Amino acid sequence: MRVVALISGGKDSCYSMQLCKQHGHDVVALANLLPEESAPDELDSFCFQTVGHQLVGAYSACMGLPLFRKRISGTSAVQDLGYTPTDGDEVEDLYQLLAYVKESVPGVQAVASGAIASDYQRLRVENVCSRLNLVSLAYLWHQPQRLLMRGMVESGMEAILVKVACLGLSPRKHLGRTIAALEPHLLALADAYGCNVCGEGGEYETLTLDCAVFGRGRIVLDEFE
């Protein structure tokens, strides 16, 4: 199928694209939601990662694919697990973005996302897909997080931590380090405290600098704070 990939800049959405290709699908476009210009870099969103959104534009060049972006004007208005279309909810921003992609890219049939464990997120993506007559592809869904992490590292993915928010992860010590370097530490935290190895509980956020689907270049950070 011809697929538009939802990307946040994090490791999960990039690994989702890799698995799409392994399953014979053709990723033909990228889609991303980002904050309003006047909003903080990290929104209080129940559904979307916005940390590191400044570099997502480079993914288009790294993959040679069109990138469609929309600013998030809504909020997490509907906080129940189930979702029905609601004006002012951020999910409607996703609907409008994907509707535009479907109009602009001939033959798009499916949407790929990096959802792993959040029913809240998965159900909202599926709601939007059903309204647009698109198939939702979630190859990471409910896969063991240790195996997912191992697969990402073994594939050569270079993803760095850009946010930490749990016991055992320190901004001074761990921000900017790769998941490959931190894999043993993340596994140890999971064993000691029950943390999610892939950060599904908000323990950390990542930014992907290189991965198997970046066929035309990689991102190099000269410096960061």
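How far does the backbone oxygen of I7 lie from a polar atom of the side chain of N32? The separation between the backbone oxygen of I7 and that side-chain atom of N32 is 2.9 Å.

## Basis of the model

This is a predicted model, in which local features need pLDDT of at least 70 and side-chain atom pairs count only at pLDDT 80 or more, while totals for chains, interfaces and linings use all residues. Residues are numbered from 1 along each chain as its sequence is written, and side-chain values use heavy atoms, with hydrogens and water left out.

## The sheet

Five strands form an open sheet in the order β3-β2-β1-β4-β5, with parallel pairing. Strands are DSSP runs of E with at least two residues, helices are runs of H or I with at least four, and both are numbered from the N terminus; two strands pair if DSSP finds at least two bridges between them. The edge strands, each pairing on one side only, are β3 (67–72) and β5 (135–137). From one strand to the next the twist averages 25 degrees.

Strand β2 (residues 26–35) runs parallel to β3 and is joined to it by 6 bridges. A31 has F68 in β3 as its bridge partner.

## Helices

Helix α1 (residues 11–22) lies across β1 (2–6), β2, β4 (110–112) and β5, and runs at about 165 degrees to β2. Angles run from 0 to 180 degrees between N-to-C directions, with axes fitted to C-alpha atoms, for helices over the stretch in contact. Helix α4 (residues 119–131) packs on the sheet and touches β1, β4 and β5, its direction making about 150 degrees with that of β5.

The axes of α1 and helix α5 (residues 145–154) are 11 Å apart, and the two pack at an angle of about 75 degrees. That makes α1 roughly perpendicular to α5 (65 to 115 degrees). K11, D12 and Y15 in α1 meet L148, M149, G151 and M152 in α5, where contact means heavy atoms within 4.5 Å.

## Two residues

N32 lies in strand β2. At 2% relative accessibility N32 counts as buried (under 20% relative accessible area, 1.4 Å probe, protein chains only; exposed is over 50%, partly exposed in between). Leaving aside residues up to four places away in sequence, N32 touches I7, S8, V56, L67, F68, R69, K70 and L97.

L55 is placed in the loop between β2 and α2 (58–63). With 26% relative accessibility, L55 counts as partly exposed. Not counting residues up to four places away in sequence, L55 touches L207, I219 and L221. The C-alpha atoms of L55 and L19 are separated by 22 Å, the two residues being 36 residues apart along the chain.

Note on methods
Angles under 35 degrees count as roughly parallel, over 145 as roughly antiparallel, 65 to 115 as roughly perpendicular and the rest as oblique. A polar contact is a pair of N or O atoms within 3.5 Å; within protein, one must be able to donate a hydrogen and the other to accept it, and residues adjacent in sequence count only if both atoms are side-chain atoms.
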